[in-house]
Amino acid sequence: LLKKVITASGDSQTTVSTEKKPTLTINADEQEYNTKTNIMTAVGKTVIEYDNIKTFSDNALAKITTNSELEYMELKGNAKITQGTQNTLMADKFTYTTATQIAISKGHAYTDLTSENGDRIQVWSDYQQYDRNKNVLMASGNVRIHYKDYIAIGPKATVFPDKNTNKLNEVVFTGRAKITEQARSIEADKIVMYMNPKDFYA
């Protein structure tokens, strides 16, 4: 009888290919693949490469479809996702679903994003949800955003792209929020911040 679980240890690497082209690569100290559930579990110094995404974590889980495509991915412990040179996401735990292209960050979530004019937007919060299709980031719980000399805090914020360029250009804070620019500050139940042209209002 064939084993339902395949185990590899010692600087192990798994490559998943479709039409002889690699679609997913997993490197870790140890890996275990369940042939019945199509779930790969990786432990220790885990690095996953998929599409233009590269992930780093202590442990990871990846569910592979019968067509050798990534269906779902979960990262735990010192988790980090990089998307090319544009965006970086960090958290205690990540989940990513390919069908929806949504990444969810939980625990000490931090995201470094590229704005419309190429400058960086930094977002800290307890929980974050990033939609790759829409290029929209939602953050909640002790939200703190830095952009140039803007420092904004609040319970919830959503970062939206420009409708024409699809590059991030607008942040909407809901709930009691405060934004500070050097000696100027505003506190309100809703604050809208723009990157290009740089401005904010309540």
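Glutamine 129 counts as buried, at 19% relative accessibility; buried means under 20% relative accessible area, exposed means over 50%, and partly exposed is in between, with a 1.4 Å probe and protein chains only. This is a predicted model, in which local features need pLDDT of at least 70 and side-chain atom pairs count only at pLDDT 80 or more, while totals for chains, interfaces and linings use all residues. Residues are numbered from 1 along each chain as its sequence is written, and side-chain values use heavy atoms, with hydrogens and water left out.

The place of glutamine 129 is in strand β8; strands (E, at least two residues) and helices (H or I, at least four) are DSSP runs, numbered from the N terminus. Leaving aside neighbours within four places in sequence, glutamine 129 is in contact (heavy atoms within 4.5 Å) with Ile102, Ala103, Ile104, Val136, Leu137 and Met138. The glutamine 129 side chain also makes a polar contact with the side chain of tyrosine 127, at 3.3 Å. A polar contact here is a pair of N or O atoms within 3.5 Å; within protein, one must be able to donate a hydrogen and the other to accept it, and residues adjacent in sequence count only if both atoms are side-chain atoms.

Tyrosine 130 lies in strand β8 too, which covers residues 120-131. With a relative accessible area of 4%, tyrosine 130 is buried. Not counting residues up to four places away in sequence, tyrosine 130 touches Gln83, Asn87, Leu89, Gln101, Ile102, Ala103, Asn135, Val136 and Leu137. One of these, asparagine 135, makes a side-chain to side-chain polar contact with tyrosine 130, at 2.7 Å. Alanine 42 is another story: 88 residues separate it from tyrosine 130 in sequence, and the two are 24 Å apart in space, C-alpha to C-alpha.

Tyrosine 130 turns up again in the lining of the largest pocket, along with Gln83, Gln86, Asn87, Thr114, Ser115, Arg132, Asn135, Thr165, Asn166, Lys167 and Leu168. On a 1 Å grid over the protein atoms alone, a pocket is an open set of points where a 1.4 Å probe fits, with protein on both sides within 12 Å along at least five of seven lines; lining residues have an atom within 4 Å of a point. The volume of this pocket is about 190 Å³, taken as the space filled by probe spheres set on the points. The lining divides into two nonpolar, eight polar and two charged residues.

Zooming out, the chain has zero helices and 13 strands. The C-alpha trace spans about 70 × 30 × 25 Å along its principal axes. Of the 202 residues in the chain, 44% are buried. Among contacts with a separation of 6 or more, 34% are between residues 24 or more positions apart.

A few spots in the backbone deserve a look. The peptide bond from asparagine 196 to proline 197 is cis, with omega near 0 degrees, and proline 197 is found in the loop between β12 (184-195) and β13 (198-201). Asparagine 78, in strand β5 (residues 70-83), has a phi near 50 degrees, a positive value in a residue other than glycine. This asparagine 78 is exposed, at 63% relative accessible area. Histidine 108, in strand β7 (residues 102-114), has a positive phi of about 50 degrees although it is not a glycine. With a relative accessible area of 67%, histidine 108 is exposed.

Note on methods. Ala, Val, Leu, Ile, Met, Phe, Trp, Tyr, Cys and Pro count as nonpolar, Asp, Glu, Lys and Arg as charged, and the others, Gly among them, as polar.
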